[in-house]
Amino acid sequence: MRRNIIAGNWKMNMLPNEAISFIEEIEPLVKDTNNEVIICVPFTDFFYANNMAQGTNIQVGVQNMHYEDKGAYTGEISAPMLKSVNCKYVIVGHSERRQYFNETDEIVNKKAKKALEYGLTPIICVGETLEEKEAGKTIEIITSQIEKGLVDLTASDLDKIVIAYEPIWAIGTGKVCSSEDADNMCKVIRDKVKEILDIDVPVLYGGSVNEQNSNEILLKENIDGVLVGGASLDPEKFAKIIYSGHKLGE
Ligand code: PGA
């Protein structure tokens, strides 16, 4: 049976006591899933959520990191710091980071390389704006983000990379990309990565995924999972998404 990756992105939500209750509540609901479950939490929740998730099938990651090992970068968290607390997943280049914190493709690339150096799996996000979509530039933009984001990564690195296609106009807006378009773009991304580095990477879709649309999305051939924002804050909704999408005949 093919395993989908179901990743939650809590963004700037949840206090430690809420994170603990969330894991307690969702754990029995998802213990039988074949899908891989990752929840990317705020740094202040990581210790608590990760402790609660020990011995379960839930993995805990974070949402950002700096690309230097250490130094005068006030307020930042480095890859060795994440490794030291047993963090294994980090979201890199989320559109909110690109939009509000001026992260460029070059920064995303540096972060992805540094994450890999420390054995962390980067979940690298790419996506086009509504303007770019309406100008018919989706493929051009996504291809360029992939090419620049993967500069100097080696094929062996890519075993441990996840890409998330997140059209910016679909994030937090309730506007879901049609499952056909999401499927097509995930294929474009997979093929591009294959062309550059000759290796298969899992490609997730993200943007207004919820417990009603997750099944249709996850049944698509080229979509290997979902990155879920809003709906990952509710244990019951997120549990339903986690059980979605077992391909027919599996
Ligand atoms: P959303 O967010 O599910 O709330 O649209 C997705 C994301 O930003 O990763």
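## Helices H7 and H9

Helices H7 and H9 are oblique to each other, a class left for angles that are not under 35 degrees (roughly parallel), over 145 (roughly antiparallel) or 65 to 115 (roughly perpendicular). In this predicted model, local features need pLDDT of at least 70 and side-chain atom pairs count only at pLDDT 80 or more, while totals for chains, interfaces and linings use all residues. Residues are numbered from 1 along each chain as its sequence is written, and side-chain values use heavy atoms, without hydrogens and water.

The axes of H7 and H9 (residues 179–197) cross at roughly 40° and come within 10 Å; the crossing is right-handed. Thr 138, Ile 139, Ile 142, Thr 143, Ile 146 and Glu 147 in H7 meet Met 185, Val 188, Ile 189, Lys 192, Val 193 and Ile 196 in H9, where contact means heavy atoms within 4.5 Å. This contact comprises eight nonpolar, two polar and two charged residues.

## Helices H5 and H7

H5 (residues 105–117) packs on H7 (residues 138–149) at an angle of about 45°, the axes being 8 Å apart. H5 is thus oblique to H7, and their crossing is right-handed.

From H5, Asp 105, Glu 106 and Asn 109 meet Ser 144, Gln 145, Lys 148 and Gly 149 of H7. The contact contains no nonpolar, four polar and three charged residues.

## Thr 33

Thr 33 lies in the loop between helix H1 (16–30) and strand S2 (36–41). With 10% relative accessibility, Thr 33 counts as buried (under 20% relative accessible area, 1.4 Å probe, protein chains only).

Not counting residues up to four places away in sequence, Thr 33 touches Asn 57, Ile 242 and Tyr 243. A polar atom of the Thr 33 side chain lies 3.4 Å from the backbone oxygen of Ile 242.

How values were computed. Axes fitted to C-alpha atoms, helices over the stretch in contact; angles between N-to-C directions. Helix = DSSP H or I, 4+ residues; strand = E, 2+ residues; numbered from the N terminus. Left-handed = near helix turned anticlockwise from the far one by under 90°. Nonpolar A, V, L, I, M, F, W, Y, C, P; charged D, E, K, R; others polar. Buried < 20%, exposed > 50% of the residue type's maximum accessible area, 1.4 Å probe, protein only. Polar contact = N/O pair within 3.5 Å; in protein donor to acceptor, adjacent residues only side chain to side chain.
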